[in-house]
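Here is a brief report on ring contacts, a strand pair and annotated spans. The sequence and structure come first.

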Amino acid sequence: MTLQVFWQVVEIRTKLASLFPFAVGVLFSIAYFHEFQPGYTLLYFVGMIVFDMATTAINNYMDFKKAKSNVYKYEENIIGSSGIRPELVRNMIFGMIAFAAVIGIYLTVKTGWLFLVMGGVCCFIGIFYTYGPIPLSRMPLGEVFSGFTMGLGIFAMTIYLNVQENRPFYLMLDWNRGTFALTGNLWAVLTIICASLPMVFTIANIMLANNLRDLDTDIENHRYTLVYYIGRKQGVILFQVLMLACYVVVLVGLVCGVYRWPILLVFLSLPLIWKNLKLFKSELPHPKSFGYSIKNLILFNGSYLLGLLVAIILEKI
């Protein structure tokens, strides 16, 4: 397997979906909680990216194995079109998952059992998103699973690793006495959930855009996603609502003290995103339409990062 084919199997270009919750989590830890742990953050970043690549490889592997259309299997799927052995891809997947697991266990030992619980839930969803007799991606809740697992899960785990003094949540286990206690600050948890919602929505929109584009192919391959049940027209409306809801969340968060005023820089992205929403609607189901979901994710979350960064800089001056 060449490096070029490997990058295609793991779809390295799609890793922005996990990079943004991580990056926003780091800056939010500094801006809101005033804590940062560079060592834990770097290790987590490596493990997160490797596991994300593994889940994407699983997606391509399972699509190849379950494909009903030979045209898709041998001309469109990278495993079939490149002629690589499926067994090689399978072993590569196991290797990447094992590597990420070692990092996860180390961070659990250093930071507490709750990291293992959160990581375990996210990994379970990530693996069974496309694996198993009834993969989550073939169900009408694929957008929910992908949005919350990456948008909230990665974001919350990043904050958990960085905020070590005034923890927003922590799990205490006493193996000798057989007791446990989950503690935390309710307002801090609600703050984290609120701050994660724009990423939940933009990541869910990537899956939604993919399903809107591929509706006919998905039906041919027995994939009955949310769009199959609600139709393209309602799916486009949902796509637009989720994107615009990101700005509503920012305004609510500003009023509630989640953000400081520099977060309003996100509204600089609104004109371009509004244009992309109209272009997306007009170009469906052309393959080019999917790119607008990626552009919107970059535009909004990039300006989200900028707003947090400016708030941190102004606080330090």
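## Aromatic pairs

This predicted model holds 18 aromatic pairs. One of them joins Tyr 160 and Phe 169.

Tyr 160 has 0% relative accessibility. Phe 169 has 12%. Each counts as buried, because the cut-off is under 20% relative accessible area.

A second pair has another geometry. The planes of Tyr 228 and Tyr 229 stand at 90°, with centres 5.1 Å apart, so this pair is edge-to-face. Tyr 228 is partly exposed, at 40% relative accessible area. Tyr 229 reaches 54% and counts as exposed.

## Ring cluster

Which residues do ring pairs link into a cluster? The members are Phe 28, Tyr 32, Phe 33, Phe 155, Tyr 247, Tyr 259, Phe 267, Phe 300 and Tyr 304.

## Charges over rings

Tyr 160 has a further contact. The charged end of Arg 167 sits over its ring, 5.3 Å from the centre. Arg 213 does likewise with Phe 290: its charged end sits over that ring, 4.9 Å from the centre.

## The strand hairpin

Strand 1 covers residues 169-174, and strand 2 covers residues 179-184. The two pair in the antiparallel sense, over six bridges.

How many residues lie between strand 1 and strand 2 in the hairpin? There are four. Gly 178 sits in the turn and has a positive phi of about 70°.

## Annotated spans

The unreviewed UniProt entry carries the annotation "transmembrane region". According to that record, it covers residues 16-34, 40-58, 88-107, 113-132, 144-163, 186-208, 236-255 and 297-314.

Two of these spans can be set against the model. Residues 144-163 are 95% helix and 0% strand. The end C-alpha atoms of that span are 27 Å apart. Residues 297-314 are 100% helix and 0% strand. Here the end C-alpha atoms lie 26 Å apart.

How values were computed: Residues numbered from 1 in each chain as written. Predicted model: local features only at pLDDT ≥ 70, side-chain atom pairs only at ≥ 80, totals over all residues. Heavy atoms only, no water. UniProt positions renumbered as here; feature names shortened; annotations may be inferred. Pairing = 2+ DSSP bridges. Phe/Tyr/Trp six-rings, centres within 6.5 Å; stacked < 30°, edge-to-face > 60°. Buried < 20%, exposed > 50% of the residue type's maximum accessible area, 1.4 Å probe, protein only. Lys NZ or Arg CZ within 6 Å of the ring centre and 35° of its normal.
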